[in-house]
Amino acid sequence: MPVVEFLQTFLPVFEETLAGMPAAKGAFNAVPSNPKHESEMYKPLIHALNAAGTRKGRCPGFVFRDTSGSPDTSGGKVGSTKPDISCFAQQHLLPAETHGGSLKSRADMGFAATFIEVKTNVDLDFYADPSPDLKQAVDRDSHRFILGRWCRYDDEYVVAKKDFGQSVAYAVELCQRQHRCFCFSVAISGCYARLLRWDRAGIIVSESFDYVQLPQLLCEFFWRFGSVSDAARGYDMTVECATKEEEKFFAASIRAHIAVQVGAGSMAFSTSLDAHYKEGHVTAICLAKRPRDHDGHPLPCRRLLVSRPLTVPLSIAGSSTRAYWAVQVDHPGGRLPGVPGEVILLKDTWRLMPKPDAENEGKVLHDLKRKGVRNIPNVLDDEDVYSEDHSSAQVQETATNGFLDRKYEWVCERERMKKRVVARRHYRLLLDIAGYPLLHLSSTHELLNTAYDAYQAFLDAYKQNRLHRDMHPGNIVLYKDPADPWARRKGYLIDWDHSCAITTVYESVKRPLESDPCPPSLQWQFAAEELLRSTSKVVHEAQHDMESLLYVVLYCALLRLRLLVKPSANFELLELVQHFFDEVRTVLGGKNEGGEYKFLNKEDRRYTSFIVWDCAALNVWISALYHAMKVSTNDPPDTPHFEWTPEGLDMFWRSFLQERDHDLHRNDYRDNISSTLKNRKVIERYAPRTSTGASHQPTMTSSSRKRRAEDSPPGPSDLGRPRKLRRLDYTVSAVTAPPPSASYPRDDGELDRQ
């Protein structure tokens, strides 16, 4: 996108605001033109942007710090992030970082407002602008803009791809740690710069410009950024800090709920609290539906309290789902009840816009419940999320997809992008089961019974012509009904947003997955072997979900139940888990394929035959399912046999639990992977957080005080209004906008080192 268009589209301000910008002439002359290392550029860039002497800062209310040497390790060592330069609101700096003149700070993606990634020269730019001769949109359709400077097989391409991934990771972490609709960043390559806007559909990147020769462009970006509202900077303004009284209520409610789910005297009680609550970091989310009652009055707002998420998004584009244990406050601002509140499950996600309303997850669940599907949650509420104060009809949606139209001639690879850049809408769903993922199992008995509960949900939905298509341990929730203290925990199958009505996939000619109008998420570790090996030729069928559920049980059993690896095996347990579930390779055309270890185990059981669980009945169950999928000469002679169909598996599983109930161990839990010091170190570096039980950081808000609409410059909801926006005029001096008020205090103990 042209730089001027980028500024005026995404950061619109009043003419009077631009009139107060400090003079930009010579602002970046001190930045070295041929540095040996990018660190030589940090200090002059930061000096140029921060206030100095009588000159005001170029980003009102914000300061810049060198964070390249102190990573944010709250996501683990491998997931640590350290942008070269981070931009913080002034009130979020520590006292030691405010005084003393140091330009360094530790990275903290929970508070970073934006960031700058620096490379020493323009040859390291991830992006390649098309030739000025390619003015027509049709000419740009074939221009490879991202990593287009190198051949895919060059060593330089491999390095550039890694560096580009690092930049993407910073945007992912920032939007993961904060309640965001989008964010901005700046990419600097030598004396050239680009402006970037990231949302859940993709990235808009500006054309490259020489910020030394044209400093007004970069200066104006930061001046606009510091002058607009928090909503225009990308923050979700339906979220705010909870009061101290609300936080006490939240903590008491979570403690009471944990006591019901796992027992107040259990070893898991103290660690369970830390997974859902961090002191001083509770936020309030308002669910206020747009529809009004019969008299035209707005429906009452649900005010929900949350802290640490159970799941976080791992990519910048996509559904970007977070799940929380949430507590509802009955009367916002009023007296809180004296007893703990009910804990419910909040799913915060960005749903696909092309799906019709009938395919919303809330409506899917309502329909399945109405048809008698067992072991799925009840929907308490759901809504598309509206703008700041719910006073307008502006829904929080992605913007990147809106620029694929032919009228935007600057777009590169338009036709390819149309297949990848998909419109999304912010959506929240409230469910009545706040439980634990399947990896929190206690025994073989609980694993096979709760997994069967989930299979019943799958089977009932299948009989109603719907496939789930997203089987993994996080989507099977263990939940104990508080009304029945003697009942066991049941397994509930959640996350139906990737499910699909069978009639949309199974037509007269079956369509492959790549042409499926509602493609499944295919969580890699648990996807059926056939789908990983040839996704372009396979239609997702019921047997693929059945196979995925086998891998879910196998994964949980390998990690959490007592077992022995036979001495004759040529692998260690950790090695098996890594290769069997995580194996991936890139084939010609850049596509990823996998499933080799799953395929080989289907053929001759070369891996599972070396695993012996303490519970012999579990060995029988796993052998029976493999035997039903594909007969092998390595199967034990007494292996049960059944037909590999949804009904056949149901009959076998049901009778197995009835006949072998007394053989299923009730107390055989063991953490197999991290039981040795060697494995704990490997796990700390490589394992997914779901397998280690590590807590996620709480999600941050922007400000506790919202700006009034009449005081703010136009924000995203005003982009369609005719405004008198002066084109860039660079002879201006300064006024500062009032900084946003603080959200959470940033302190030395903010990051939980893993």
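**Helix packing and buried sites in the predicted model**

Helices H14 (residues 542-560) and H17 (residues 616-629) pack with their axes 11 Å apart, at an angle of about 150°. Angles over 145 degrees count as roughly antiparallel. H14 and H17 are therefore roughly antiparallel to each other. The crossing of H14 past H17 is left-handed. From H14, the contact draws on Glu-547, Leu-550, Tyr-551, Val-553, Leu-554 and Ala-557; from H17, on Leu-618, Trp-621, Ile-622, Leu-625, Tyr-626 and Met-629. By class, this contact holds 11 nonpolar residues, one charged residue and no polar ones. Glu-547 is among the H14 residues that take part, and Glu counts as charged.

The model is predicted. The protein chain has 754 residues, of which 56% count as buried. Its secondary structure comes to 20 helices and 23 strands.

Helix H3 spans residues 39-49. Its buried residues are Met-41, Tyr-42, Pro-44, Leu-45, Ile-46, Ala-48 and Leu-49.

Phe-126 lies in the loop between S3 and helix H5 (137-140). Buried means under 20% relative accessible area. Phe-126 has 5% relative accessibility and so counts as buried. Beyond its neighbours within four places in sequence, Phe-126 contacts Lys-119, Phe-145, Ile-146, Leu-147, Gly-148, Ala-160, Asp-163, Phe-164 and Ser-167. Trp-150 is 24 residues from Phe-126 in sequence. The C-alpha atoms of Phe-126 and Trp-150 are 9.8 Å apart in space.

Asn-360 sits in the loop between strand S12 (343-352) and helix H10 (361-370). Its relative accessibility is 7%, so Asn-360 counts as buried. With residues up to four places away in sequence left out, Asn-360 touches Arg-351 and Tyr-427. The side chains of Asn-360 and Arg-351 are joined by a polar contact of 3.1 Å.

Notes. Residues are numbered from 1 along each chain as its sequence is written. This is a predicted model: local features need pLDDT of at least 70, side-chain atom pairs count only at pLDDT 80 or more; totals for chains, interfaces and linings use all residues. Side-chain values use heavy atoms; hydrogens and water are left out. Helices (H or I, at least four residues) and strands (E, at least two) are DSSP runs, numbered from the N terminus. Buried means under 20% relative accessible area, exposed over 50%, partly exposed in between (1.4 Å probe, protein chains only). A polar contact is a pair of N or O atoms within 3.5 Å; within protein, one must be able to donate a hydrogen and the other to accept it, and residues adjacent in sequence count only if both atoms are side-chain atoms. Contact means heavy atoms within 4.5 Å. Axes are lines fitted to C-alpha atoms, for helices over the stretch in contact, and angles run from 0 to 180 degrees between N-to-C directions. Angles under 35 degrees count as roughly parallel, over 145 as roughly antiparallel, 65 to 115 as roughly perpendicular and the rest as oblique. A crossing is left-handed if the near helix is turned anticlockwise from the far one by less than a right angle, and right-handed if clockwise.
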